[in-house]
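Here's a walk through one protein chain, from the overall picture down to a few side chains. Have a look at it first, then read on.

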Amino acid sequence: MSQWLSSNAPFSSPIKEASPNGMLAGSPGMADLIATLRSAERGLLVVAELTSSEDVMAALNISKVLGWPVVADALSGLRVGMTEDASREHVILHHFDQVLLEKAAWPALKPDVVLQLGNHLVSKRVMQFLEWSALDDEDLAPLAWIHADASSKRLDEKYLVSQRVQMPLPHLAHLLSQDMSKVESEQQAKQYKQLLDALNDVAHHEIDAWLSREQHLSEPFVARSISEQLPSGNGLFIGNSMPVRDMDMYATWQRQASNAQASTSYTPARVHNSSTKPCQGVLDVGVGVAVGSNRGASGIDGVLSTAAGFAAGLKRPTTLVVGDVSFLHDINGLNMLRTGDLQAALTVVLVNNGGGGIFSFLPIADSLPPDIFTPLWATPQNVDLAGMCRAQGIAHQRVGSLGELSPALQSAWALHRHSVVEVVTGRDSNVDQHRQLQAAVQQAVRHAMRLLTIATPGFPGISPFAWPASVLVSAHESMELGRAAAVLVGKTTGPTDDAAEFFCGSQTAQLDLGVVAIEAGCQQKVGA
């Protein structure tokens, strides 16, 4: 920012398509863009909401050309339904939002070039990180933030985008494939990718671990289960408020179909190796499912009807994830399903937490007495949702425990007709579960960063930012065990929150289990 203030250059320079045939690859604007992309040592590809399969494929092709880590929005088409192999091939960071919970790690995660495809991002945290990166003056080189989209709309409320590319994404992908094909990653770019990929895996593992320990049904569990088990070739429509945020935070790669079975606990995803052929019109290239959502100030209105139209347009089965208040706002939409005019089956996963759950996350929830907050903000409903479904002749299932969710989803998808799966959660416990899960992820990322950013005595062959995720996860888990063991044998007194000294490299705490696990991992890595 300070460099721009002291110069005469415009902060944001537009690059527009010169003709219907596309911008010439040698034009000055394109040359500047290519030069900026080539200069990246810590490049980050951010894929926001995309609304066409052509744009999704273009984003995938751009990621191949650049080779950068990809922060993919839940509505990008590169998240839900992605296989693990495809996610790893393109370095899709499913949990970058959760990695950012550890704000002390932001300086290490800061990119020098960002290419954003599409406009809207669900994650407020990711947007705040990008804005912080653009405003941070600690580095001599300012962030180059490039925004590419066919629309002329400027969604840059803080005026931090430095280059704006207005052209269809397939055209941009074609031009980049011509001019960027010979670019090879420098060592610093590789380390940056390794860092983000490793931290993403740490967050992924911690989410799995926390969900496997949690004994009660939670809304993060619902989002993660749907993302893992959604049948290939199906569409997904996500309601506003908590459903779209939970899907953005906790969606992971698709699980192998044979593993989608009933369970009383959470079972992490495995590699997807399904040989089932996709439905007609579905891209069989490892990309995610077709995703839609109503975003905006009136996003809770007409969701059921919009999802029905979305399914009809796709001409394939679709799952809607929606909250109870939003569902009731468009209860007449059930009539569309009752008539049977729509050929594509719509499965409605109705998350019923008894009101507007998202407001319980706001500071006002702690500022007002319950007798005021509950009726005015939480707006609890006491409606027989099952009875409403029966009145319209719509199949209904009620889920109230962990073990009931997966069988209910599989049963609904196997019906091949419209149905509702009502998942009952607690509005108050939902807040606690989110906070506990996020605290666990934040701590895991903090522990991983401590290991990543310090030299390890005795293992000079391990360079910073090159630790495999398996070692980071073992270190985090062993650190927790080591802290407990150290307290038990009287080696530490008082608070043990700051365990950096015995987290990799402590010369005096040889009994620490964390160090033992780290050393074992190091030896395995260097072949000792």
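Before we start, one term: a residue counts as buried when its relative accessible area is under 20%. Also keep in mind that this is a predicted model.

## A helix wrapped up inside

The buried ones are Met242, Pro243, Val244, Asp246, Met247, Asp248, Met249 and Tyr250.

## Zooming out

How many helices and strands does the chain have? There are 21 helices and 12 strands. The chain runs to 528 residues, and 53% of them count as buried.

Now for who touches whom. Take the contacts in the chain with a separation of 6 or more: 77% of them are between residues 24 or more positions apart.

Which residues have the most contacts inside the largest nonpolar core? They're Leu109, Leu199, Leu236 and Met247, in a core of 72 residues. Helix α9 (residues 187–213) provides the largest share of this core, with nine residues. You've already met Met247, by the way: it's one of the buried residues of α11.

Let's pick Leu199 and see what it touches. Leaving aside neighbours within four places in sequence, Leu199 is in contact with Val99, Leu109, Val445, Ala448, Met449 and Leu452. There's also a second, separate core of 38 residues, which includes Leu60, Ile146, Ala148 and Leu175.

## Rings that pair up

Time for some aromatic side chains. A pair of aromatic rings is described by how far apart the centres are and by the angle of the planes. Searching the whole structure turns up five aromatic pairs.

One of them joins Phe96 and Phe129: the pair is edge-to-face, at 5.6 Å centre to centre, with 75° between the planes. This pair links distant parts of the chain, as Phe96 is in helix α5 (residues 96–99) and Phe129 is in helix α7 (residues 124–135), 33 residues apart. Are these two buried or exposed? Both Phe96 and Phe129 are buried.

Ring pairs link Phe96, Trp106, Phe129 and Trp132 into a cluster.

Methods:
Residues are numbered from 1 along each chain as its sequence is written. This is a predicted model: local features need pLDDT of at least 70, side-chain atom pairs count only at pLDDT 80 or more; totals for chains, interfaces and linings use all residues. Side-chain values use heavy atoms; hydrogens and water are left out. Helices (H or I, at least four residues) and strands (E, at least two) are DSSP runs, numbered from the N terminus. Buried means under 20% relative accessible area, exposed over 50%, partly exposed in between (1.4 Å probe, protein chains only). Contact means heavy atoms within 4.5 Å. Rings of Phe, Tyr and Trp (its six-membered ring) pair if their centres lie within 6.5 Å; planes under 30 degrees apart count as stacked, over 60 as edge-to-face and the rest as tilted. A nonpolar core is a set of buried Ala, Val, Leu, Ile, Met, Phe, Trp, Tyr and Cys residues joined through side-chain atoms within 4.5 Å.
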